[in-house]
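I opened this notebook to keep track of what I looked up. The entries follow the order in which I went through the model.

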Amino acid sequence: ELTDELISEGYAREFIRRVQDLRKEAGFEISDRIEVYFEAGDTLTRAVNSNADYIKGEVLAVMLDGTKMPDEVSTPEEELMIDGEVLKLGLKKVLL
């Protein structure tokens, strides 16, 4: 039986996959730290926010920001679909 928690974890895993795909397309190094910017519907945003620590650990993100896409990101902004929800995703490489 699919609980809300399991559904949320599934969204988080799919979000991670999409971030990793975008990292690869952008040519980022495996060890690069990033900032993740996204715009999504309520369901996906709640899932990302409730799994934020897990997601950040998996994608080496220092920040997840679901409030507003900045004017400048390191990757082309992608518009994707996850389970019928639109996800706008952009990454910014952090220089340490």
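**Entry 1: the whole chain**

I began with contacts, meaning heavy atoms within 4.5 Å. Of the contacts in the protein chain with a separation of 6 or more, 71% are between residues 24 or more positions apart.

I noted the ground rules next. This is a predicted model, in which local features need pLDDT of at least 70 and side-chain atom pairs count only at pLDDT 80 or more, while totals for chains, interfaces and linings use all residues. Residues are numbered from 1 along each chain as its sequence is written, and side-chain values use heavy atoms, with hydrogens and water left out.

I then listed the secondary structure: the protein chain has three helices and four strands. Helices (H or I, at least four residues) and strands (E, at least two) are DSSP runs, numbered from the N terminus. Read from the N terminus on, the order is α-β-α-α-β-β-β. The radius of gyration is 13 Å, close to the 12 Å that the globule rule gives for 96 residues, so the protein chain is as compact as a globular protein of that length. I wrote down that this radius is taken over C-alpha atoms and that the rule is 2.2 Å times the number of residues to the power 0.38. The C-alpha trace spans about 40 × 25 × 20 Å along its principal axes.

For surface, I found that the protein chain exposes about 5900 Å², with carbon and sulfur atoms supplying 46% of it. These areas come from the Shrake-Rupley method with a 1.4 Å probe, and for residues only the protein chains shown count as cover. Buried residues make up 39% of the 96 residues. Buried means under 20% relative accessible area, exposed over 50%, and partly exposed in between (1.4 Å probe, protein chains only).

**Entry 2: the core**

Which residues have the most contacts inside the largest nonpolar core? I found F15, V36 and L89, in a core of 23 residues. Such a core is a set of buried Ala, Val, Leu, Ile, Met, Phe, Trp, Tyr and Cys residues joined through side-chain atoms within 4.5 Å. Two or more residues each come from α1, β1, α2, α3, β2, β3 and β4. Helix α1 gives the largest share, six residues.

R18 is buried, with a relative accessible area of 16%.

In α2 (residues 42-50), I marked L44, T45, A47 and V48 as buried. They fall within an arc of 160° seen down the axis, so they line one face of the helix. The arc is that of the directions from the helix axis to the C-beta atoms. D42, R46, N49 and S50 are exposed on the other side of α2. The buried residues of α2 pack against α1, β1 (34-40), α3, β2, β3 and β4.

In α3, the buried residues are A52, I55 and V59. Their arc is only 65° around the axis, which puts them on the same side of α3. The face turned away from that side carries the exposed residues D53 and G57. The cover over the buried residues of α3 includes α1, β1, α2 and β2.

**Entry 3: two positive phi angles**

L60 has a positive phi of about 60° although it is not a glycine. L60 sits in the loop between α3 (52-59) and β2 (61-65). Buried or partly exposed, I asked of L60? L60 is partly exposed, with a relative accessible area of 23%.

D83 is not a glycine either, and has a positive phi of about 50°. D83 lies in the loop between β3 and β4, and is exposed, with a relative accessible area of 64%.

**Entry 4: the hairpin and the chain end**

Strands β3 (residues 78-82) and β4 (residues 85-93) run antiparallel and are joined by five bridges. Two strands pair if DSSP finds at least two bridges between them. L80 has L87 in β4 as its bridge partner. The hairpin has two residues between the strands.

Last, I looked at L96, in the segment after β4. L96 is exposed, with a relative accessible area of 87%. The C-alpha atoms of L96 and D32 are separated by 9.2 Å, with the two residues 64 apart along the chain.
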